[in-house]
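Please keep the viewer open as you read.

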Amino acid sequence: MGDCSVGDGAGEAPSSRLSSQGAHDRAEALGALVRDLRLTVGWSQGRLADELCNVSGHATVTRELVSRWEHGRRNPGPFWLRHLSTVLQVPLATLEEAGRMERRTFLTDLAASAVAPIAAADLISHGFAAALRGRPAEDAWRAKLESYGRDYMTMGAAEIRRRLAADLIVLQQQLETPGMWDIAARLMTLYGKTFPGSDGAKAAGWYRIAAAAADRSGDASARAWVRGRAAIALGYEGASLSVADMFAGQALAISGRPSLGHLNAIMGKAHAAALRGDGRTALELLAQGQRVFDAAGSGDEEASDYAVPWWRFNVFTSLLAARLGDEQLASRTQDAARASLPPALPRFATHLEMHRGMMLARAGDRAGGAAYAREALDKLPPEKHSLTLRMLLAEITAT
């Protein structure tokens, strides 16, 4: 199968049209994403071709055409992008954004798109000032990385994004060693977290770039962590579940050694399974995650986005239980999380209260559950709100 027609396909941009290096890079980026998503669902190129023929009603896609897409020799046009979105279960915006990326300018272009024009002068000034002071040593960037990890736990998304944008523009000029690529990958992952998962284009785009940067580092731990963090971010937010599965699968394939990357990946897959209604798989993954946490979890004193202490693992589990409608498990994990949650992290206490609202909604009291969750969010100062909390409220309201 996979040759539903000898036709060459409608709506593609042939390689002759991809005249610039930038266009070629964009075609390669989109092709790589299509390949990764196809492999995530376990399909051959022929199977993808068949699925596209069936859903579109046009028998014009062949295995060879899929291969050309994946190798960047042809670009699927808008017609086929829509159907790729359908069969691969990925937001159309995610595919469109991948087709707009250029590897040569990956930091500047995306950072510029996220920063208000009025801030451009400040960013330029920041960059030149850093250059005049001399390049910070790798140790200085490591310290900055640790600081961002701590700040993420208490600050709002807008402030983190503003600060990171400036630093990423400077860091782009200093990616000369594997260690600097490692730092860049972790910072870009954090930057992606400042975009809501519902904006699949921005969040998933940054995660893919961060994964590519981690690969440049050659560090298996960094490669797994970036992909695992992307998986739990998208899974917890309930967005782009196929992309969450893709990142999780990649993280778990990198190394068989238990790590925080593996833990995040497993929990991301568990949330994706729960949201698809596959409670059995979700609970099996939770048990697997518990075993990995026992081997690689962080200490309770670590309050950083780059750590998963016991209380945070229970926050992940609390939402999973609420989504599954398991009130007993939800209550037990919420109590366990509160027992060791640092008082300085009120945003995560709000997560737990909103999980209670979801339990009410799942139990049939939709209005009461939504009101409970909204009240919990309103008690948190607006400057400490995260995009994840807003998405969680939207999910509860829609339950």
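Predicted model: local features only at pLDDT ≥ 70, side-chain atom pairs only at ≥ 80, totals over all residues.

Two residues are said to be in contact when they have heavy atoms within 4.5 Å. Residues are numbered from 1 along each chain as its sequence is written, and side-chain values use heavy atoms, with hydrogens and water left out.

Let's begin with the empty space inside. Rolling a probe the size of a water molecule over the atoms shows where such space is left. Here a cavity is a set of points, on a 1 Å grid over the protein atoms alone, where a 1.4 Å probe fits but cannot get out, and lining residues have an atom within 4 Å of a point. Grid points are joined across faces, edges and corners, and the volume is the space filled by probe spheres set on the points. Searching the whole structure in this way turns up two cavities of 30 Å³ or more.

The largest cavity has a volume of about 170 Å³. Its lining consists of 14 residues, and those nearest the centre are Lys 193, Arg 229, Arg 312, Phe 348 and His 351. Helices here are DSSP runs of H or I with at least four residues, numbered from the N terminus. With four residues, α12 provides the largest share of the lining. What is the make-up of this lining by class? There are seven nonpolar, three polar and four charged residues, where Ala, Val, Leu, Ile, Met, Phe, Trp, Tyr, Cys and Pro count as nonpolar, Asp, Glu, Lys and Arg as charged, and the others, Gly among them, as polar.

The second largest cavity has a volume of about 70 Å³. Among the residues that line it are Tyr 152, Met 155, Ile 160, Lys 193, Arg 347 and Ser 386. Here α9 (157-171) and α20 (387-398) are the elements that give two or more residues. The lining divides into five nonpolar, four polar and two charged residues.

Ser 386, one of the residues lining the second largest cavity, is the serine promised above. You will find Ser 386 in the loop between α19 (366-379) and α20. Ser 386 has 9% relative accessibility and counts as buried; buried means under 20% relative accessible area, exposed over 50%, and partly exposed in between, with a 1.4 Å probe and protein chains only. A polar atom of the Ser 386 side chain lies 3.2 Å from the backbone nitrogen of Leu 389. Leaving aside residues up to four places away in sequence, Ser 386 touches Arg 347 and His 351.

Next, look at two loop residues with positive phi. Gln 89 is not a glycine, yet has a positive phi of about 55 degrees. Gln 89 sits in the loop between α4 (78-88) and α5 (92-98), and is exposed, with a relative accessible area of 55%. Ser 240, also not a glycine, has a positive phi of about 50 degrees. The loop that holds Ser 240 runs between α12 and α13 (241-254), and at 9% relative accessibility Ser 240 is buried.

Finally, turn to the charged pairs. A salt bridge is a side-chain nitrogen of Lys or Arg within 4 Å of a carboxyl oxygen of Asp or Glu, and the count comes to 23 salt bridges. In one of them, Arg 47 pairs with Glu 51, with the closest N and O atoms 2.7 Å apart. Both residues lie in helix α2 (residues 45-56), four residues apart, about one turn of the helix. Arg 47 is partly exposed at 39%, and Glu 51 is partly exposed at 22%.

Asp 182 forms a salt bridge with Arg 142, the closest N and O atoms being 3.2 Å apart. Asp 182 belongs to helix α10 (residues 178-192) and Arg 142 to helix α8 (residues 138-152), so this pair ties together parts that are 40 residues apart in sequence. Asp 182 is buried at 6% relative accessibility, whereas Arg 142 is partly exposed at 26%.

Note on methods:
1 Å grid on protein atoms, 1.4 Å probe; cavity = no way out; pocket = protein on both sides within 12 Å on 5 of 7 lines; lining within 4 Å. Polar contact = N/O pair within 3.5 Å; in protein donor to acceptor, adjacent residues only side chain to side chain.
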